[in-house]
Amino acid sequence: MSINAQQQIKCPKCGQLHEINVWHSITVSDSPDLKADLLAGKINIFRCDSCGAAALLPTPLLYHDEEQRLMISFTPCTDELTKRQLFDNIRASSKESGELDALDDYNLRFVTDYNALLEKLLIFDNGLHDKVTEVLKLMVLMQEPDKMEQRTAMFGKTDGDGLEFMVFDKKEEACYTSRVPYATYNTIKEELRRSGVKYRSFDWEIVDADYAARLLNGFNNRME
Ligand SMILES: [Zn+2]
């Protein structure tokens, strides 16, 4: 069920009061339009019509796509320690409520970054799996090891031949695209599967750059 509430928000910049719709939960089968709004960056983003200021609301959002067997718990947060605590809490409360039993063949994700949330929607919409794309992103960044610190990669799109990633360079203030053929995607997917990676969740998971780094380390250790 999609759940929302009207909330009065004061613009942090000009003080103007706004009545806005805050979403706490989105279930795609009930409200496909909301998914489109989310992908367009219209959900839980405050935009002031007086001064133009924009801000992400500090509201947690639960995204549920039954068809894709995908559930994403999103809580905006930039602090690593808080992130860890939030993640532990969601795991504990899910266990206690027994809801995991009903989500047996799901992918359950916990994210704290709005762009990461949208990226996951796109990845699964394109018939891809985020555990593979995270590893590919890391491999794309590793092509220039001396610039890894200043760069981040995001999934962009797919076309007939493969996947396109966007690479943002903070230092150079530039954005590049990097392509990965489907064959590479499939090879990595199979390698990960053989090394024990599950493409369905047994519990909530954080699948991000750190996750990919741990997987790649495991790979390297075995190859030695
Ligand atoms: Zn304003």
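Arg69 sits in the loop that joins β5 (61–65) to β6 (70–74); strands here are DSSP runs of E with at least two residues, helices are runs of H or I with at least four, and both are numbered from the N terminus. This is a predicted model, in which local features need pLDDT of at least 70, side-chain atom pairs count only at pLDDT 80 or more, and totals for chains, interfaces and linings use all residues. Residues are numbered from 1 along each chain as its sequence is written.

Most residues other than glycine have a negative phi. Arg69, not a glycine, has a positive phi of about 55 degrees. Arg69 is partly exposed, with 16 other C-beta atoms within 10 Å; buried means 20 or more such atoms, exposed 12 or fewer, and partly exposed in between, with C-beta atoms placed from the backbone.

Glu173 also lies in a loop, between β9 (162–169) and β10 (174–181). Its phi is positive, about 50 degrees, although Glu173 is not a glycine. Glu173 counts as exposed, having 7 C-beta neighbours inside 10 Å.

## Strands β1 and β2

Strand β1 (residues 3–10) has eight residues, and the count of buried ones is zero. It pairs with β2 (residues 17–27) in the antiparallel sense over eight bridges, where pairing requires at least two DSSP bridges. Gln7 stands opposite Ile20 in β2.

Six residues lie between the strands of this hairpin, and Gly15 takes a positive phi near 85 degrees.

## Helix α1

Asp33 is part of helix α1 (residues 32–39). With 10 C-beta neighbours inside 10 Å, Asp33 is exposed. Asp33 and Arg84 are 51 residues apart in sequence, and their C-alpha atoms are 32 Å apart in space.
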